[in-house]
Amino acid sequence: MSPACGMILDDTPLFDPLLLQELDWSANTVPFSPPISPSQPGEGLVLRPLCTADLNRGFFKVLSQLTLASDVTPEQFIKKFEHMKLTGDYYVIVVEDTSLGQIVATATLIVEHKFIHSCAKRGRIEEVVVSDICRGKQLGKLLVSCLTLLSRKLDCYKITLECAPKNVAFYEKFGYSASDETYMQRRFFD
């Protein structure tokens, strides 16, 4: 359904917010100074699942600080959002600065279903980005900690991510280590 057919951009979450509220934060292994958490991400900040109204809160502006994130129509955004919500395997979290009404950080956990490891699930973290106006507030650490704990809560047998060599030390803080597997790609579009 498109906005023209009555669908509007609203605050319906991509996934149940209780999943974030029920994370076992005591299992987090990365220190925060000053202390922050999913329920207390910082002054005027809220960590929550993505919703369609975030299209108008600068979601794509933040993504564009990471990679090419072309403008999409509200119809395209809603269609992709509904697909992700229907599969139940996409966990896009955002940090909103409520005083600005703007998204200032985001990250995605995708759960892949496998036949290996007794039909296990694998988590994959992608698109971790913090707006340049909010860097230094530990939001990247918070996003990665949340998604790492969430993947464990969702019974993933492992979680992976891809990162540039300059970011390896950052992810090692969370217990991630380089794999013997070689990442290769073939692009069909820019």
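I count two strands as paired if DSSP finds at least two bridges between them. Helices (H or I, at least four residues) and strands (E, at least two) are DSSP runs, numbered from the N terminus.

The model is predicted, with local features needing pLDDT of at least 70, side-chain atom pairs counting only at pLDDT 80 or more, and totals for chains, interfaces and linings using all residues. Residues are numbered from 1 along each chain as its sequence is written, and side-chain values use heavy atoms, with hydrogens and water left out.

**Strands.** I looked up Val92 first. Its bridge partner in β3 is Thr108. Strand β2 (residues 90-97) pairs with β3 in the antiparallel sense, over eight bridges. Four residues lie between the strands of this hairpin, and Gly101 has a positive phi near 65° there.

I then turned to strand β4 (residues 121-130). Eight bridges join it to β3, and the two run antiparallel. Ile125 in β4 stands opposite Leu109.

I checked burial in β3 (residues 102-113). Ten of its twelve residues are buried, so the strand is largely enclosed by the rest of the structure. Buried means under 20% relative accessible area, exposed over 50%, partly exposed in between (1.4 Å probe, protein chains only).

**Helix α3.** I looked up which residues of α3 are buried: Phe77, Ile78 and Phe81. They cover an arc of only 95° around the axis, so they sit on the same side of α3. The arc is taken from the directions from the helix axis to the C-beta atoms. Lys79 and Leu86, on the other side of α3, are exposed. Gly88 follows α3, with a positive phi near 75°.
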